[in-house]
Structures are given as structure tokens and as C-alpha cells.
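Good morning, everyone, and thank you for making the time. I would like to walk through one structure with you, going from one chain to the pairing and then to the other chain.

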Amino acid sequence: MARAVTNTRKTVNTVIAWSIGLLIFFPILWTILTSFKTEAQAINDPPLFLFFDWTLENYAAVQERSNYMRFLWNSIIIAGGSTLLGVIIAVPAAWSMAFVPSKRTKDILLWMLSTKMLPAVGVLYPIYLIFIQLGLLDTRVGLVVVLMLINMPIIVWMLYTYFREIPVEILEASRMDGASLRDEILYVLAPMALPGIASTVLLNFILAWNEAFWTLNLTAAKAAPLTAFIASYSSPEGLFFAKLSAASTMAIAPILLLGWFSQKQLVRGLTFGAVK
Amino acid sequence: MKTNLKSKIALGVVAGLAMSAVASAEELTIATVNNGDMIRMQGLTDDFTAKTGHTVEWVTLEENVLRQRVTTDITTKGGAFDIMTIGMYETPIWGSNGWLVPLDDLSEEYNAADILPAMAGGLSHDGTLFAAPFYGESSMIMYRTDLMEAAGMEMPDAPSWSFIAKAARAMTDRDAEINGICLRGKAGWGEGGAFITAMSNSFGARWFDEEWNAQFDTREWSDTLNFFVNMMTDAGPAGYATNGFNENLSLFQQGKCGMWIDATVAASFVTNPDDSTVADKVGFALAPDNGLGVRSNWLWAWALAIPAGTQKEAAAKEFIEWATSTGYIDLVAEKEGWANVPPGARTSLYENPDYQAVPFAQMTLDSILSADPNNSTVDPSPYVGVQFAAIPEFAGIATEVSQEFSAAYAGQQTVAEALEKAQALTNDAMEAAGYR
């Protein structure tokens, strides 16, 4: 009897989980489906789900009009560069906060987090003026630096949380064995915190890939990533939903695949911490 | 030996000419909006490059994103763009601030006098043209001829609001999912805000009196909003409070609207048989009035302007001359047909017999000509603009006001409450900005 209850509960839980999963995934699925419709089918009422004349014309139109590969390459460089730079800076910072905290460490962590609460547009003009002065407008280097800075609080917080799970005695033992600070971080701490670092890297890569405020406002033609590519197909005066959906599908496809293949590491890192 | 020397000299001359051509060729960065006409122009840029040697990098953005992007750049003198696509709202403000290069030295061949006077006026400051219209638009009535006939009514060329309300109610058939009229109710100064402002002009309302006091506490505004809400409740689509241009276009193309009053550029969409199920059943008329001497149509242009300080001013002017010329119109007509040429910018287009054959051409011209941005209200007002007031504060204020109006359309508050809030917030903002 007890077994039957457990099975029923399992089934119910599975159904609920799948329902929530499908609900969350539905907008993406709808975007993908719309990308294969004609513009007239895209706005059909009632909406067409699967039974319509599938077409690749929107993808052809997008390819003809835009240089997709340039946008993609810019996204890879900007998201990858900002994540890499962020981790290089954040690992020593999180190490110091986790293992040699001062009485102000908690305040610093909270202050870092509070910067995420500032509306980005509030600092648009100062940053724009700095970029003009430094010649960083519409450059990938400029965006790497900005995205690294805006994601830094999240990177530091995540790494700090993972590092706190590692027993400090292990690090002390390595020091007694003669390890330098560099060796301690590189050869003792990093391998133990690898799942945590991996999930931090993945999450920040996704955040940087999807970032749309700074990437739209600090670029023009040369450094524009895929967020600008999508924006170029949105229009309040004209029905271009099918083309917009095709552009969106092309923009999210790489990150969707990355998330799919790395979901195990991502979930493990986010839910269980570094060494559990 | 002599021949050899001659060959070397000739080769040198050719190489020198080629080098000088390369040296004078520029790469222009142009910010623009995503709409059919602009995308068509991007596809034809090779013609410009072949004629001048200059190449073009396009930055295409959604209208609101573009507005924010180019405003940031021009106010900081960022220099990210050599040409910007801007509208009638920004041009006089930016021109008066000295942020744009005056276009008063365009070539004789360009024939600036051919630009429609209403467009030239709206894109000038103190008589100086600061942006060249790529295409212009007004608003007009697009209606279903079959439904109008079935309702036993006949649309006049210049109807009144009372006729429109009566026809809308007569054409409505809820069982057949046909709404008598579809209008913008969506919040946003360029969406529902533009429509209701243009409509209010024909009811004798205005945004400000001559001392910049808000006028939402007047009977004219109350009449406008109550008329709109009553008509839309009886004959409009469900959820009209969130409908903008695209939502209404979609409804009309699927045969679910008896009438639609919106941008004249929509005429080419609703008469295109590839997208519209009612393409052969569409008639056109001037936007309605109330017999007060002002109609409810707006005036707008997407225009090309050069930000002051660009290093490529000469090449930018060459591009503007190419893109807004009669030659460009001929090029589009040759490649894509007369129905697809950018409308509403040049007088000569409407004198062209080929274009006169396009069904909505004359009504578009009549609509444009009947809108006067310098005298848009029945009582005198201190601002220029039909569906907006050309002051920097307007976009922010009108967005908030239109949010209050949309809340009234959605039934979240009464019309009187919406007007009361609009009055207070407008006066507060104008006082803070130093107008009052």
C-alpha cells in the first residue's frame, strides 16, 4: 500500500515537473515554430500549432539581409571574454573573502550585490562618455570590460559560496607542505571547487550572451552581438513576426545547445555546491 | 624602350587615379528603423556604392531602441553614426540645439523645392531644413467596402466622427467576430498617445494653452475620451487597450475590422493579396472631423539627418541626396513596382501618372496636405506638431498620460479619473521643466 502511494506521488510529481518544464519552454518552442511559418500564418487567428506549410523562407531572408556570422562571433568573444576575465579576477577575490575574511567582508559582499540593484540606465551617460574618451565605443574590448564588471558581483558571490564549503584545513595542510599562495589556489582550491567554478562560468556566459542593454547602447555596426541582431528584426510598424522568430531562433540556438549539453554540471553546481 | 616608359607612365597615372578614388571613398554608418521601406533601401545600397564609391554599414533597430540609441549618441557627441534616421518630433528640437548639420546646400539636381511643403516644414527649424524626408505619412480611414455596403451606408470622402461611430456600430457583428472599428489604445506616446492626440485636435482639445498650462480638465478632452471609449466599447475589439499598429493590422488583414484609422503606409499592407485576406475590398477616406475645421489625421516622416561633428559630412550628404531623390524612387519603381516606392515625401511623385494609378495614392496625398503641424488645434497653442508637441519633455509626459488613458480603456479607472491624473502629472512636469 505504501509502495502504491509512493508511486502515485512519483507520477504526480513527474507530471507536475513536466508541466512546469513545458510551460517554461513553451515561449521558446512557439518562437521556433513561428520561424517556420509565413508572415500571414504567424498572425493567424486561431494560432496554428503544427499543421501549416512549413517553410525556410524566413531563414533565407534573414541570411540574405544580415551578416549572422559577424554577430555570432561578436557574441562569442564578448560573452567568453567577459566570463574568462571575470573568473580570473573573482577567484582570488572570493578566496580572500572565504578564507581570510575581515570584519568588513560581509559588508563588501552586500555592497557588491547592491550594485546589481542600480538601474543600468542610471549610469548610461557616464559610461558612454568614458567610452568616447577612451575610444571604446563599438569595440568588443569595451563590452568585455563592461559585462565583466556588471556580472562580477554574481561571480564573486557564487565562488564565495562554493569556497566556503571547502574545509580550510585542507588549504592549511597544503601550506604546511610548502605550497605558495598561487599553488594553493591553482592546485588545491581550484580542482576541489571545479564543479562550482564550471557552473559559475556557464551561468555567467549565459548572462553575458543574453545581456541586451549595454550591448545595444554601446555598439553600432562593428561590435554588435546577437542581441542587436534580434533587435534589428523587431518593428512596431509592420508584421515581421516570422522573420523576428527566425532571427531569435538563430540567436538562441548556440546558447540553447550549450545549456543542453552542460545541464548536468549546471544543475549539480547550482543545487549541491562545490564539494557535496 | 620608349614604349616601355610610356607604359610605365600610363600605369602610374591609372594607379594614382585608383588610389585617389580609394582615398576619397568613405564607409558610412547609418542608424535606421526596421520597416519595409528602410529594408528595401538597404537592399539597394549597391547602387549608391557603384555611383559614389562609398560603402554603408547599417545599424537597424526597433523604433524605440533606435530613438534612445541615437539620442544618447547625439547628446554626448559620440560620433557612432554618420547618418541617423529620425522623425518629425526630434528634428526641430535637435536642429535648434545645433546638433544637426543644416541641409541648405543640397545640389540643384536634388531639387529640394520638390519636397512636400508639409514635410519640409515639419523637418525644419527657423526655415532651415535639418533632415530630408525618406518617406512621409499621415493617417486615414481604411474600411471594408463590402461591410459598409452590407450595413446600407456609404462612406463619404471626408466623414465626421458621428458618421464613423454610427457606421462602426452598424458594421459590428460579434457572432462573426467582426468589429466595426479598430483603433490604437496601447500606451506609449507614439502608439495610442499619437492617435488620441490627433483625435482630440478635431474635438477642439489641445495639450497646452498659450501659457503652457495643461488642458485635460476641459470639456473638449472629456468629450474626446468619452466618445472614444463609448464607441470602442460598442464596436471595438476585445482588449483594444493593448492594441497598437501591428495588432490592428493583423485584425484588419484577417477580416475582423470594419474600419481602421491609422498610418497611410498601412494602405500598401492591407491591399497586398499575399498578406491580406481582404485586399480587394478596401476603401479609403480622410480621417474624421467634427466640423471644427481640424481633422483627426497626424503627420509624420522618417527622415535622414547628419549629426553635427561627423567627419564624413560630404559623403553623408551624398547618401542623403541619393536616398531621398526622385532617382531613388524611380529605382524602386523599376525593381519592385510603384506601390512599393517610399510615399509622402515629394510632390512630383503624386504628379506621376504611374503612381496616380495606385489606389491609395491620392488619399495619402490629401491626408498629408490636410495636416498642418503649425496650426494643429482649433484654439491657439504654443507648440508645433500634430500628434505631439515638439518640446523635449513631451515624450516622457505623453507616455505617462497615455498609460492613464489606457488604464481607462481597460476599465481600471474612469475617464474622469484618467483626465484628472493626466492634468496633474502634466502640470507637475511642466512646472519642473520651467515652462510654468
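Let me begin with a definition: helices are DSSP runs of H or I with at least four residues, strands are DSSP runs of E with at least two, and both are numbered from the N terminus. This is a predicted model, in which local features need pLDDT of at least 70 and side-chain atom pairs count only at pLDDT 80 or more, while totals for chains, interfaces and linings use all residues. Residues are numbered from 1 along each chain as its sequence is written, and chains are lettered from A and ligands numbered from 1 in the order in which they are written.

With that in place, chain A reads along its sequence as α-α-α-α-α-α-α-α-α-α-α-α-α-α, that is, 14 helices and zero strands. Its C-alpha atoms fill a box of roughly 75 × 70 × 30 Å along the principal axes. Of the 276 residues in chain A, 36% are buried, where buried requires 20 or more other C-beta atoms within 10 Å of the residue's own, with C-beta atoms placed from the backbone.

Turning to the pairing, how many residues of chain A are in contact with chain B? The model has 25 residues of chain A in contact with 26 residues of chain B, a contact being two residues whose C-beta atoms, placed from the backbone, lie within 7 Å. On the chain A side, helix 2 (39-42), helix 6 (124-134) and helix 11 (213-217) are the elements that give two or more residues, and helix 6 of chain A gives the most, with five. For the complex, the predictor gives an ipTM of 0.83 and a pTM of 0.85.

Chain B is assigned two domains, domain 1 (26-137 + 299-356) and domain 2 (139-298 + 382-432), with bounds that come from an automatic or database domain assignment. The centres of these domains of chain B, taken over C-alpha atoms, are 28 Å apart, and 10 residues of domain 1 are in contact with 11 residues of domain 2. On the domain 1 side, helix 5 (90-96) and strand 10 (299-305) of chain B each give two or more residues.

Finally, a word on confidence, expressed as pLDDT, the predictor's confidence in each residue from 0 to 100. Chain B averages 92, and 95% of its residues score at least 70. Among its elements, helix 1 (residues 2-24) of chain B has the lowest mean, 53, whereas helix 10 (residues 219-235) has the highest, 98.

Notes:
Buried ≥ 20, exposed ≤ 12 C-beta atoms within 10 Å, placed from the backbone.
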